Amino acid sequence: MDVESVADELYGLRPAEFTALRDRRAAEARTSGDRELADRIRALRRPTLAAWASNLLVRARPDEARALVALGDGLRQAHRDLDGARLRELGRQQHVLVAALAREAQRLTAEAGEKIGEAARAQVEATLHAALADPDAAEEWVTGRLGKALSAPVGFAAAGLGGESGARHLSVVPPPSGGAREAPSTGKTGGARARLSLVGHRGGGSAKDPDGGGTAPSDAAEARRARQERKAERREAARREREEREAERRRAEEEAAAARREAAAREDAARHAADALEGAEQRAHEADLRVTELAALLKEAQARREAAHGAVREARERVRETERAAREAARHAREAAQRLARGTPRRGG
């Protein structure tokens, strides 16, 4: 016997059966002289309902568990590659598979005689999301020995792993400052570029009039206006891009904060449930002891009852024997009286 085999055995049981068998295995280890093994076995914690449902799902549906792990690998690779189309497709598969597995876990626990509610089912779904996002969590889940549900991570997995909402978490790298794209030019600035090109060609880089007799002020002014318009357009495009990035950053922060709050709330709920479980486990243990005591008292009372019934039967038999003896004595007395009456002479004869 080793702690691994005992853990495999224990975490396949219903939570209500866990503690009694754990204590029995620890006692067996201690009896065999392996106190360290006994302590390690006793340190195994009874699983929550959600953890037990997750363990049962892995044990009963290993192929589906492997499919979920493989899907998580694909999602993480698509996220690293910033492959939006792949992320959306795998995200849809994720939602379908997680929902189907959570329903299957609920069905399996009902078949095992321990129905789980919506809160436990939500914790099962959180465990599945954690296995999708984190390979370490996936490895922990597939052992089938969870003591408590895993928490869905914040960010990559919480955003839907590449679904419609998850696409907002992909970073967009801006182009270098030297290669910033210009806003589309208007007809006016386009015309200015054409005129500047024509004038430069004629005058060797200086703006000349058609006759070559001097500077054309109207063309120079038009060129300045065109340059100013292009600068204004670039500034406006840069401003809009900054605003969009800032808005995107705020949305991402809000979503991350919401996810953190939800994760914290679920952790609080899990802690409260674990505390309640410990209390219920202690009460159940005390009730078991009381039942044992009452069973012993009942056995003793039954023995006394049997003894009392035996005494009643003996007393009734003695009563019947006494009644028979009394009747026999009465009969002998009548016969003696009759004999006496026959042998006595009459007076006055």
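Rings of Phe, Tyr and Trp (its six-membered ring) form a pair if their centres lie within 6.5 Å. The model here is a predicted one. Searching the whole structure for such pairs turns up 1 aromatic pair. Its members are tyrosine 11 and phenylalanine 18. The ring centres are 5.2 Å apart, and the planes meet at 55°. Planes under 30 degrees apart would count as stacked, and planes over 60 as edge-to-face.

Turn now to helix H1, which spans residues 3-10. Within H1, the buried residues are Val3, Val6, Ala7 and Leu10. Seen down the helix axis, they fall within an arc of 100°, so they line one face of H1. An α-helix has 3.6 residues a turn, so residues three or four places apart point the same way. What do the buried residues of H1 pack against? Their partners are helix H2 (15-31), helix H3 (35-42) and helix H4 (49-60).

H4 leads on to another packing. Two packed helices are described by the angle between their axes and the distance between the axes. The axes of H4 and helix H6 (residues 84-111) come within 9 Å and cross at roughly 100°. Angles of 65 to 115 degrees count as roughly perpendicular, and H4 and H6 are therefore roughly perpendicular to each other. On the H4 side, the contact is made by Trp52, Ala53, Leu56, Leu57 and Ala60. H6 brings Leu101, Glu104, Ala105, Leu108 and Thr109.

Next come helix H5 (residues 62-81) and H8. Their axes come within 11 Å and cross at roughly 175°. H5 and H8 are therefore roughly antiparallel to each other. H5 makes this contact through Ala65, Leu68, Val69 and Arg76. H8 meets them with Pro135, Ala138, Trp141 and Val142.

Stay with H8, which covers residues 135-142 and holds glutamate 140. Glutamate 140 has a relative accessible area of 42%, so it is partly exposed. Which residues does it touch, leaving aside neighbours within four places in sequence? Glutamate 140 is in contact with Leu146 and Leu150. Leucine 150 lies 10 residues from glutamate 140 along the chain, and their C-alpha atoms are separated by 9.3 Å.

Notes:
Residues are numbered from 1 along each chain as its sequence is written. This is a predicted model: local features need pLDDT of at least 70, side-chain atom pairs count only at pLDDT 80 or more; totals for chains, interfaces and linings use all residues. Side-chain values use heavy atoms; hydrogens and water are left out. Buried means under 20% relative accessible area, exposed over 50%, partly exposed in between (1.4 Å probe, protein chains only). Helices (H or I, at least four residues) and strands (E, at least two) are DSSP runs, numbered from the N terminus. The arc is that of the directions from the helix axis to the C-beta atoms. Contact means heavy atoms within 4.5 Å. Axes are lines fitted to C-alpha atoms, for helices over the stretch in contact, and angles run from 0 to 180 degrees between N-to-C directions. Angles under 35 degrees count as roughly parallel, over 145 as roughly antiparallel, 65 to 115 as roughly perpendicular and the rest as oblique.
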